[in-house]
Amino acid sequence: MYKAQFADPSKETVKAMAQAQQRICAGPWYAIPTIALQRLRAVGFPTEFPDVSVLARAAQLRLVASLPSFFTLFGQAKAALDSEECILDGLRPTWVQTTAIFRMERNWVTAHGLRNIRVTIRENRDKRNFQKQLYRLLHGNGIAEELVAALATRTTNMLKRDCRPLVEAICHRIAARTLCMPPCVRASLLRTISNGWVTSARLHLPWSTCRFGCSHSAPDALQHYVACPRLTQPLAAYLDVLPDSPGPDYLYRLLDPRGKDNTHVLVDYLHNDIAYTAFNAVRNDARTTPATAIGARLKTLTRRSPEVRRVLDPIRAFEAASA
Ligand SMILES: [Zn+2]
């Protein structure tokens, strides 16, 4: 990262950073798109992974802004290269334009054209957070087009229908400050709309049956698990979640926040979270039953989150917390 103050990272560096970020997430493949990992703050997470390309631009801006002699040196170098001597003697090869000083100057001119960056550079007094401020301005705070596009592609492939409006609605609802939702519930929702559960269907493995053993015809697939009777029946004791029809339509309705109040949205996303946790518990330990996994997850959530305690039946929540 030290070199990134002077030069943009190579394609190989960007790829290596993306792979490292994916490994930290412990996904077996790019289970959550890298663009989503780098824009977690936009959808209400307290932190996110850095985008190394944007970080390099912010570092270069910080360096130029903190070097009073930069433009004097740049002017001298440019004047020397523009001199008749250099031109006549052919001493100005094209690679000169790609050197650090020229790239930093171009980056500065481009970024300086943006009003908010200009104001930050002029008025910044807190030198410790200068680069961080520049990074946030360059990266943007809102829900980026690329984030919605990356997630919508995954959800569309999973549900075999156009899910862009759905994903847009989910992103805006979970970003709203009025919706209080624990970060772990946000994380499992992100995993679901990224189609990132480790099922046979997702990994394109030979067809296998539901891990909860509900039926010989039920597939090992995300769309089935959120509506699997082995899971929803014990869960219905705590949440109003009994699906009328299992399958992709039910998952679409479960994820769709449009026309629902915040409590309803939280209940539906809790359902998704508990299904995801129970699925992983059973996948990692065949002796665990869905009911045990549900109890353990409820116990954790009710202890950690006042929002979850509020939407659960108080007596059942107490039982789950003290079980
Ligand atoms: Zn099942």
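In this predicted model, helix α9 (residues 145–159) packs against helix α10 (residues 164–175) at an angle of about 125°. The two axes lie 9 Å apart. The crossing of α9 and α10 is right-handed.

The residues that form this contact can be named on both helices. Leu147, Val148, Leu151, Ala152 and Thr155 belong to α9. Their partners in α10 are Arg164, Leu166, Val167, Glu168 and Cys171. By class, the contact of α9 with α10 comprises seven nonpolar residues, one polar residue and two charged residues.

The protein chain as a whole contains 18 helices and zero strands. Its domain assignment gives two entries: domain 1 covers 3–139, and domain 2 covers 181–322. The C-alpha centres of domain 1 and domain 2 are 42 Å apart. Contact between the domains involves 10 residues of domain 1 and seven residues of domain 2. On the domain 1 side, eight of these residues are nonpolar and two are polar. No charged residue of domain 1 takes part.

The overall dimensions were also computed. The radius of gyration of the protein chain is 26 Å, whereas a compact globule of 323 residues would have a value near 20 Å. Along the principal axes, the C-alpha atoms of the protein chain fill a box of roughly 85 × 45 × 35 Å.

How values were computed:
Residues are numbered from 1 along each chain as its sequence is written. This is a predicted model: local features need pLDDT of at least 70, side-chain atom pairs count only at pLDDT 80 or more; totals for chains, interfaces and linings use all residues. Domain bounds come from an automatic or database domain assignment. Two residues are in contact if their C-beta atoms, placed from the backbone, lie within 7 Å. Ala, Val, Leu, Ile, Met, Phe, Trp, Tyr, Cys and Pro count as nonpolar, Asp, Glu, Lys and Arg as charged, and the others, Gly among them, as polar. Axes are lines fitted to C-alpha atoms, for helices over the stretch in contact, and angles run from 0 to 180 degrees between N-to-C directions. Helices (H or I, at least four residues) and strands (E, at least two) are DSSP runs, numbered from the N terminus. A crossing is left-handed if the near helix is turned anticlockwise from the far one by less than a right angle, and right-handed if clockwise. The radius of gyration is taken over C-alpha atoms; the globule rule is 2.2 Å times the number of residues to the power 0.38.
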